[in-house]
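Open the structure in your viewer and keep the selection tool ready. The stops below say what to select and what is there.

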Amino acid sequence: MFFFALTEIKSDSDRQLIDSIYRAYRNMMFYQASLVLGNDTETEDVLTECWIALCKHVSTLRELQERSSEDLRRYLSRSVKNTALNYVKAKGRKPEVLLAQYDERLRALRGREYTASGRDSREKTEEIKNLFRALPIAHSEILQMKYTDRMDDKQIATHFGLQKDSVRAYVSAARRKAREVLQEMRRERYE
């Protein structure tokens, strides 16, 4: 399937770009998908699906590659992770995401936003972990992109296939949902 998608690309330079990115990042993407799926066969299927989708966004890949390899890596990582999560959702299963992904987010958040130490800090960290788990996937992803990864509206729009002007509304909706979920979690904890 991926080979077929690659043959549909008309420009030789675009095909070479996709091929070079594929060779450089395939293992990282396989690892990211396998964290969610835990199954090599499904992981290969998801990778194929993800690369077919990425072939439609050659200009975005080129722009990210020219900007920085870290931006490109983050974009590919998030793309394959979202493809895997959508796959799991379509199958009606819960994702088997390892807590390490959440711990990485939390370390970044804690370093910038929380200065409390000891037990208080651990409680807040646990609360954020639970918040990310409780939020719908799209909301947690858009909040991570905006505040942890510090992506601008254009980058977020490109990732989700949205208009740049609508990103602010999606971020606001995600923040509202996060507040609601957090208030509910706190209410349950103190009841």
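Select Asp-153, which at 13% relative accessibility counts as buried. Buried here means under 20% relative accessible area, exposed means over 50%, and partly exposed is in between (1.4 Å probe, protein chains only). The model is predicted: local features need pLDDT of at least 70 and side-chain atom pairs count only at pLDDT 80 or more, while totals for chains, interfaces and linings use all residues. Residues are numbered from 1 along each chain as its sequence is written, and side-chain values use heavy atoms, with hydrogens and water left out.

The term salt bridge stands for a side-chain nitrogen of Lys or Arg within 4 Å of a carboxyl oxygen of Asp or Glu. Lys-146 is partly exposed, at 25% relative accessibility.

How many salt bridges does a search of the whole structure find? The search finds 12. Side chains of opposite charge can pair when their charged atoms come close.

Next, select Arg-62 and Asp-14. Their side chains form a salt bridge with an N to O distance of 2.5 Å. Arg-62 lies in helix H4 (residues 58-67) and Asp-14 in helix H2 (residues 12-37), so this pair ties together parts that are 48 residues apart in sequence. Helices are DSSP runs (H or I, at least four residues), as are strands (E, at least two), and they are numbered from the N terminus. Arg-62 has a relative accessible area of 26% and is partly exposed.

Move to helix H5 (residues 69-90), where Arg-73 and Glu-70 lie 3 residues apart, about one turn of the helix. Their side chains meet in a salt bridge of 2.6 Å, N to O. Arg-73 is partly exposed at 28% relative accessibility, and Glu-70 is partly exposed at 37%.

Then select Glu-63, Arg-67, Asp-71 and Arg-74 together: a network of salt bridges links them.

The next stop is an aromatic pair. Rings of Phe, Tyr and Trp (its six-membered ring) pair if their centres lie within 6.5 Å; planes under 30 degrees apart count as stacked, over 60 as edge-to-face and the rest as tilted. The count by this rule is 1. Tyr-22 and Trp-51 make up this edge-to-face pair, 5.3 Å centre to centre with 70° between the planes. Tyr-22 is in helix H2 and Trp-51 is in helix H3 (residues 40-54), so the pair ties together parts that are 29 residues apart in sequence. Is Trp-51 buried or exposed? Trp-51 is buried, with a relative accessible area of 1%, whereas Tyr-22 is partly exposed at 24%.

Contact means heavy atoms within 4.5 Å. Residues of H2 including Ile-18, Tyr-22, Met-29 and Phe-30 meet residues of H3, among them Val-46, Leu-47, Cys-50 and Trp-51.

For the last stop, select Lys-177 in helix H10 (residues 167-190). Lys-177 is partly exposed, at 30% relative accessibility. Which residues does Lys-177 touch, not counting residues up to four places away in sequence? Lys-177 touches Leu-135, Pro-136 and His-139. The C-alpha atoms of Lys-177 and His-139 are separated by 7.8 Å, and the two residues are 38 residues apart along the chain.
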